[in-house]
Amino acid sequence: MRQKSWPLIITFALPGVLLYGLFVIYPVVSSLYMSLFQWRGMGAAKFIAIRNYIELFQDPDFWNAVINTLRFVAYQIPIMLGLALVFSLFISLSQSRLAAFYRSLVFLPNILPIVAVAALWTAMLHPLTGAVNNLLTAVGLGEFAKPWLGQPSTAIGAIVWVDVWRMVGFYTVLLLSGILNVPSEVIEAARVDGATTGQISVKVILPLLRGPLQVAAIFIMVNALKIFETPQLMTGGGPNRHTQPVSLYMYEQAFQNFSFGYAATIGVIFSILVFCITIVVLRLQGADKQ
Amino acid sequence: MKRVALAIALLIMVAGVLVSPAMANTTELKVMIFGGGNGSDWVKQAAEEYAALHPNVTVNVIANPRIEEQLRPLFISGNPPDVVSPGPNFDIWGAITNGEMMPLDQALKSPSFDGTGTWRETFNKALLDIQYQGKTYGIPQIFSTGMVWWYNAKLFRENGWEVPKTWDDLYKLNTQARATGRYLFALQGIYPNYYFGGLYLALVQRIGGTKALEDAFNLVPGAWTSQPFLKAAEETLRMKKAGFFLPGTMALNHTDSQTQFFLGHTLFVMAGTWLEGEMKSVIPKDFELRFLNYPAYPGGKGDPTAIQTSSGWGGGWYVPAKAKHPELAIDFLKYLTSRKVTRNMMRQRGLLSTVKGTQDALVSEASKSVLEAMSQANSTYAWTKVNDTYPKFTSSVWNAYQGLLIGDYTAEEFCKYAESQAEKLRNDDSIVKREFHF
């Protein structure tokens, strides 16, 4: 019986295996291969062995991009998780008739295209005509008006804020589903025992939300590691590479500097770094569960 | 009902038979161009005229500000269009050195469309310089300056201001401008290539002469840390400290900063001759846009009449080596570079051209002011050739120049960084080097 089922298994598995090979395995192998060449994107490629790797490890702009990427991760995880948690607890515990409206409102930016969001916030943060600076000036806080995207001290924060604004609704809904899974008897029992809403949130719901929080943290980490559109559209990675993540540096090397081999090298090394980070995070989670 | 359907089917078949021979004889010429400040309407108009002159030819013009994204896969797959003008973001140097473009020397020896000599004689000889290993690969029909300075003559006249002749005059003018609430410049902050060319290299040339630029781009050891480069970096910081730049300028893009200029909030803006066409919709009717050559630097060795030009490589016309209809492509290019079409382009876009005998068509006063300065200039330098050749190197250095302006580097640190990048490029034998002479 088992022997007879093999042709069927192969028939059904083959399309998936072929597609996976074509769109996942082949690009990975191709990138590895291309990283050994100096290639301008057309014409003959010149084999230079591991020279791209040697250059990469000595390239301060690459390490700057790695640090920027890690900064995006480090800023986004606590801010996004914190806000999503507050919003989800507020919506679930408010017992307001408007809870569904609040949920939709907070989720709304998530359905907007990234390009539209970036354009909107770039206009709002414009140093001369932006709504943010105009508002600050109107309420007498003109000294706080800044070229938000044009100075290193605020540019990365502005991008993080825009990503948080856009994505926090998604994580709010994710955590909200976790909160709704908390048995209502547990919350009721706490209320009967005289616990306040704040105490219920911190001492009852939060410990039971560990799973959804971990999932949300991993999602945020993965999205922050591959951040591209927001810095590309809002600052182009500037000023002077202060908001340039690895993905944008790789794009610059390939499509602006026409160093496709070097861009492939960046991809390979960064994939290894991300793989290592993922292993560490999964290990930590495993240890946590034990 | 069945009969009606049969009759319609028969009619379609007969129509197909009648039409197909004509269709089969029609050749489609595919033209792909960068949709930027130089515009594409005049090309589309010329394409229609050319098709009218050649009933069996259709010319399909595709214009896109991101045309390089469409061109790259077409070249890689060996299926390029017949004619391209790829714009500034396409690796034209890589395409030429890799044999992707057809040498046009033979075609340039053939008669021009206007019938007054060879096609080569159509152009101003000195400007026909898209060359590699002695062969001509591109036709730079449009002449553009580099990142030169522009001002509003009316504003200067009304305020009784003098056009600055020396760098010291700029400081006096800055005081006068600030008294009226204006600044001298709004930089295109997020695009450092504008002010790297229009400010830094302009300063280097005025301080150290064109030779200093040649040495730097020919990667002579120590050139980037030499006195003209260091002094130009120091002068940049001095200008910043003196309040030359509009606050918030580092967050502006090119259209933002240019708009500030046309709104009268700044006295100057740096851009090429495409500026007028690019900003047409926001230029006030009474605005008197004029070219201003960079002021002379006190004690500087540089020719004060020298004008920064653009290499024009990205804006040139090319016939790919694998074009399907190369002869037709060349014939179309001859028509496109004819005096009639060129004059139309100059009238529509206010652009300057390399085609001889077309100056009478120049209606733009701004372009006329460039032409006047060109007639008085003893030399020109097209530094963008370096960017065409070493894009990675130049983008590193102009990002660092942005860093200088935002306080990431001191003048010395900036020059050392640029020198380290030059050294890295010099030692990289995988990159084909090129000799620059301005």
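## A quick tour

Let's start in chain B, where B:T136 sits in strand β5 (residues 135–136). Keep in mind that this is a predicted model.

**Around B:T136**

- B:T136 counts as buried because its relative accessible area is 0%, and the cut-off for buried is under 20%.
- Setting aside neighbours within four places in sequence, B:T136 is in contact with B:M102, B:P103, B:L104, B:D105, B:L108, B:R120, B:L128, B:I130 and B:Q131.

**Helix α9 of chain B**

- After α9(B) comes B:L219, which has a positive phi, near 60 degrees.

**Helix α11 of chain B**

- In helix α11 of chain B (residues 254–262), the buried residues include B:H254, B:S257, B:Q258, B:Q260, B:F261 and B:F262.
- The buried residues of α11(B) pack against several elements of chain B: β7 (148–152), α8 (192–208), β9 (266–271), α12 (275–278) and β10 (289–292).
- B:G264 follows α11(B), and its phi is positive too, near 85 degrees.

**Where chain A meets chain B**

- The contact draws on 34 residues from chain A and 41 residues from chain B.
- Between them, the two chains bury about 2900 Å², with 51% of it on carbon and sulfur atoms.
- A:R40, A:M42 and A:N240 together supply 25% of the area that chain A buries against chain B, more than any other three residues.
- There are 5 salt bridges across this interface; one of them joins B:D429 to A:R51, with the closest N and O atoms 2.8 Å apart.
- The interface also has 15 residue pairs in polar contact.
- On the chain A side, α2 (51–57), α12 (246–256) and α13 each supply at least two residues, and α12(A) gives the most, with 5 residues.
- That side of chain A divides into 15 nonpolar, 12 polar and 7 charged residues.

**Aromatic pairs**

- Over all chains, the count comes to 54 aromatic pairs.
- A:W39 and A:F260 make a tilted pair, 5.5 Å centre to centre with 55 degrees between the planes.
- That pair links distant parts of chain A, 221 residues apart: A:W39 is in the loop between β1 (37–38) and β2 (46–47), and A:F260 is in helix α13.
- Both partners are buried: A:W39 has a relative accessible area of 17%, and A:F260 has one of 11%.
- In chain B, B:F261 and B:F287 form an edge-to-face pair, 5.3 Å centre to centre with 80 degrees between the planes.
- B:F261 belongs to helix α11, while B:F287 is in the loop between α12 and β10, 26 residues apart.
- B:F261 counts as buried at 1% relative accessibility, and B:F287 does at 11%.

**One more spot in helix α13 of chain A**

- A:V274 is in helix α13 of chain A (residues 260–289).
- A:V274 is partly exposed, with a relative accessible area of 23%.
- A:V274 and A:V222 are 52 residues apart in sequence, yet 8.8 Å apart in space, C-alpha to C-alpha.

Technical notes:
Residues are numbered from 1 along each chain as its sequence is written. Chains are lettered from A and ligands numbered from 1 in the order in which they are written. This is a predicted model: local features need pLDDT of at least 70, side-chain atom pairs count only at pLDDT 80 or more; totals for chains, interfaces and linings use all residues. Side-chain values use heavy atoms; hydrogens and water are left out. Helices (H or I, at least four residues) and strands (E, at least two) are DSSP runs, numbered from the N terminus. Buried means under 20% relative accessible area, exposed over 50%, partly exposed in between (1.4 Å probe, protein chains only). Contact means heavy atoms within 4.5 Å. Buried area is the accessible area (1.4 Å probe) that two parts lose on being put together, summed over both. A salt bridge is a side-chain nitrogen of Lys or Arg within 4 Å of a carboxyl oxygen of Asp or Glu. A polar contact is a pair of N or O atoms within 3.5 Å; within protein, one must be able to donate a hydrogen and the other to accept it, and residues adjacent in sequence count only if both atoms are side-chain atoms. Ala, Val, Leu, Ile, Met, Phe, Trp, Tyr, Cys and Pro count as nonpolar, Asp, Glu, Lys and Arg as charged, and the others, Gly among them, as polar. Rings of Phe, Tyr and Trp (its six-membered ring) pair if their centres lie within 6.5 Å; planes under 30 degrees apart count as stacked, over 60 as edge-to-face and the rest as tilted.
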